[in-house]
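Me: I would like to go through this structure with you. Could you have it displayed before we start?

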Amino acid sequence: MSLLAPAFLAGLLAIGLPWWLHRLSSDNPNKQRFSSLMFLEPGEPRRVLAKKVQYLLLLALRIGVLVLLALAFAQPAIWRKPTAGDGSAARLHVIVLDVSASMGYRDRWQRAVDAANDVIGSLSADDRAQLIAAGRSIEVLGSPTADASVLRQTLNTVKPGVFRIDYGQTMRALDGVLRGANLPVVIDLVTDAQQSSLPTRFGELAPRRAAELAVHDVATGTADNWAVDSFGGSALTGELEAGIRSFAAEPATKTVKLEHNGRVVAEQTVEVPAGGRAQARFQPLELASGGNRVRVSVEPADGLAADDQRFLSLKRPQPRPVLIVAADPKGKGPLYTSAALGTLAALALTPEVKAPNGLGDKPLTDYSFIVVTDAGLLGPAETTRLQDYVQGGGRVLLAFGPRAASLTTVPVAGEALKPGSQLGAAKTASIGEVDAGHPALRGVDELRSAKFTRYLAVEPHADDRVAIRLDDGAPLLLDRALGSGRVLLFTSSLDREWNDLPVQPVFVPFLAGLANYLLGGAGFTSEADLGSTLAVRALGLVGGQIFDPRGEKALALGGGDDVLLDQVGFYEVVGGGNSELVAVNFDPRESDLAPVDAAALERWRGLGMRASDQAQAPSAAAAEEPVARSLGPWLVLALLLVAVMESWVGNWHLRIRRGLAA
Amino acid sequence: MSARTAATHLLKPETLAGLANLDLIARAVVEGFLTGMHRSPFFGFSQEFAEYKMYAEGDDPRFVDWNVYARTERTYIKRYIGETNTRLEILLDASASMGFGSGKVTKLMYGKFLAATLAYLAARQHDAVGLIVFDDAIREHRPATSRSGGLSGVLHAIDRAAPAKGTNIKAPFERFREVEKGRGLVAVISDFYTDPEGLLKSVQPLAYQGQDVILFHLLDPQEIKPVLKESALLEDMETGESMEVSPIYMSSLYRERIDAHVSAMHKSALGAGADHLLVDISKPLDDVLRNYMTFRHRRG
């Protein structure tokens, strides 16, 4: 036991007062003067003793009042390790409600509510319970409480969402919640136990802390479901194609409808085989200028309506000429670059390959951006023209090639070059540090698969932003703003002479990202994942706003400008005089309602630790962190009792003191 | 309020205690008492002529009948009824125990009222009044005299009396026997916390001398019928000794003992030829005076 406010023990000094008064009283007992003792006899010793005992009792009670008062202020507390073997069967039931989209299938949510109510109803008087909603992330719905009405009231406010749950992530997130628990924990996971929500490793299903695990499976029987799992097409041709996936044991006939800007423009019937897939191809759609809202849906609706539709944002592109400067316009050098840029239909780029002396054929401002495949090709005149172009707002992608080996400074940008690096076949370099936050590299993965045999070592300028470094630390991609324009410097080649990047699958997305960045974000992706974030600033739009599918202004997270995409449909980004549409679709993995098989479910349940064993678990936070149980209420109760007794005995004592009746 | 009621009211000890003037107290008591007694059997007690007596040394010359002297050239003193016993000696106990009183009036205060009243009454009848104040010794002695100013001296002596030490009942009687040889009235005012046998031995010689002795036995109600709610430590006012006593004892055995003591005192007094009068100091003085007058009349 310890005292939370030991300074108040100084109040015990007050005990001296009743002690002193008692001594005075003892020195001056109930003595009365009487005429003569001639006819008196001493009283019975028993009575005298009783009176003395009464005095002592009164003194003890008065001291007791002061001691209890001082102790009550000093706040004594017993530090206890809450263990299951301490005579208390109290538990903390953490009721985790799966609020993923699949819980909205038919009556699963009602069964989940019933299961949660059953858990609440089974709580003993000492038990506490806490509700947690688990979807994309976990949301703690109030503090642990023993009040069933509060729990039920909170339960009624929860509804399934549109996100997918990952059980592994859920268990990891629960770790933070369980850390503060001071009772043995029982995790009551109320879920439909989707197979598709299992983590890669089965062990991740175990609670990170000592806790009993009870999985309440609310999925019953077979769960037939059909979903639109893909929807895409060409913005150039207007051809669209949708994929319908069956998660049913029987084949079905489905009607697929195509809506364009809110109007049904096409409809076709498809036969979806059991557990199979069907494609629905539509005639080319006449796209309007600007953004086009295209939606495909499948009918009749099934038990899970959220995945019966899919959205696509299409923007009819305007042809954008791009100048590629190469030594031999018809050679292999510019081939990879022009071919890659030409495949970016969404950007509608029209590559135009020219030799350096052709830069003066027409104004450079006619090009959306310029790619120089070998900076060594540029003479002073070309360099000056390009500098003027960049200063005026033009964008240039500079790469190196054989001609650049003799350069000491980078044309246009002006960075110093170190002696050339010839790594040779025996020793290659790969991608090292990547600035994932750079807009040109968003969505670009697997860069590390490329091998680099040569590059030119550039001394970065103070204004340069190094977006990619090789694993030896040398810059591979540098970004620098010059005047009103921008220069991207790739320190290796864009053909296969110095690296194998052009033959890697990542080459086209890599060039797409660079092109998109050089275009100023005008061709940004029109699709985003549900649960991801979208920022106006990152899109290159200034002072813009984001509106959610309901047309309401989306609120940014945590005071920043990142908006959580938590609805399916079209988000509209407005800013800088432009408007862009972002289609957000349902996670197709959530459409698979197949439950975990019974054996796996049993093994999952077995991953928990019985509450009675939790006290011995070295990792149990409750066992490690004793909690203080205040003795204050008991002290106050005792204080009241002693005070009443003191009053009664004191009154009796005063009667003694009055003695002879007046 | 009738005169009788008013007089009775005035004689209450608490009322007298508020007067704070012993002379005034005595006058108030006596005059009030006599007013109420005007139709009593003691009516002839006052100024009725009884006989002539030859003047002797010590007699007040104011009472010489000069008419008789003119005719006979002999000095005679005119005597009245009630003047046959001409001396009252008051023995006032001023021991510490007399300082006890459960109310406003202590036994000594009551005794002083009584002594003053008796002295005033005697002086009003031209009796000589003497006073002995005692505790364990003689503290003040004023021989009996009927001279002018004698009463004042007695009253002052009574007023000075204060509770002091223990009680020695033998001392005043012995002194009295030494100085007073003639017949007279002797009023002893005390709480008589003494041995009845010792009292008998002290009073008996006076009776043999022809003195008429009356013992005013003053007791507080709390001494007669004490009420003690709880055990208490009682301290003897004379010796300072303490004793823890229980209420049961005080309400039973003590009462029996004090009653036995009072009875023994009464019996001893009678055996010695004296009167014994138990006086509850919470009662008015007129009851005491009435008893005294009866005693005076019987002895006179």
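Me: What percentage of the residues of chain A count as buried?

Reply: Of the 662 residues of chain A, 40% count as buried. A residue is buried if 20 or more other C-beta atoms, placed from the backbone, lie within 10 Å of its own, exposed if 12 or fewer, and partly exposed in between. This is a predicted model, in which local features need pLDDT of at least 70 and side-chain atom pairs count only at pLDDT 80 or more, while totals for chains, interfaces and linings use all residues. Residues are numbered from 1 along each chain as its sequence is written, and chains are lettered from A and ligands numbered from 1 in the order in which they are written.

Me: How many helices and strands are there in chain A?

Reply: Chain A has 11 helices and 35 strands. Helices (H or I, at least four residues) and strands (E, at least two) are DSSP runs, numbered from the N terminus.

Me: Let us take strand β27 of chain A. Why is it largely enclosed?

Reply: Strand β27(A), residues 475–482, is largely enclosed by the rest of the structure because six of its eight residues are buried.

Me: Which way does β26(A) run relative to β27(A), parallel or antiparallel?

Reply: Strand β26(A), residues 465–470, is antiparallel to β27(A), with four bridges joining them; two strands pair if DSSP finds at least two bridges between them. A:Arg469 has A:Pro475 of β27(A) as its bridge partner. Four residues lie between the strands of this hairpin, where A:Gly473 takes a positive phi near 95°.

Me: And how many bridges link β27(A) with β28(A)?

Reply: Six bridges pair β27(A) with β28(A), residues 485–490, in the antiparallel sense. A:Arg480 stands opposite A:Val487 of β28(A). That hairpin has two residues between the strands, and A:Gly483 takes a positive phi near 60°.

Me: Changing topic to the open sheet of chain A: what is the strand order?

Reply: The five strands follow the order β6-β5-β4-β7-β8 with mixed pairing. At the edges are β6 (138–145) and β8 (212–217) of chain A, each pairing on one side only. Neighbouring strands are turned by 15° against each other on average, direction ignored. Axes here are lines fitted to C-alpha atoms, for helices over the stretch in contact, and angles run from 0 to 180 degrees between N-to-C directions.

Me: How do β7(A) and β8(A) pair, in the parallel or antiparallel sense?

Reply: Strand β7(A), residues 185–191, pairs with β8(A) in the parallel sense over six bridges. Within that pairing, A:Leu189 has A:Val215 as its bridge partner in β8(A).

Me: Now the helices. At what angle do α6(A) and α8(A) pack?

Reply: Helix α6(A), residues 335–342, and helix α8(A), residues 507–518, pack at about 75°, with their axes 9 Å apart. They are therefore roughly perpendicular to each other, a term for angles of 65 to 115 degrees, whereas under 35 is roughly parallel, over 145 roughly antiparallel and the rest oblique.

Me: Which residues make the contact?

Reply: From α6(A) come A:Tyr336, A:Thr337, A:Ala340 and A:Leu341, and from α8(A) A:Phe507, A:Val508, A:Leu511 and A:Ala515. Contact requires C-beta atoms, placed from the backbone, within 7 Å.

Me: Finally, B:His276: is it buried or exposed?

Reply: B:His276 is buried, with 22 other C-beta atoms within 10 Å. B:His276 is found in strand β10 (residues 275–280) of chain B. Its C-alpha atom is separated by 4.7 Å from that of B:Leu215, 61 residues apart along the chain.

Conventions. Contact = placed C-beta atoms within 7 Å.
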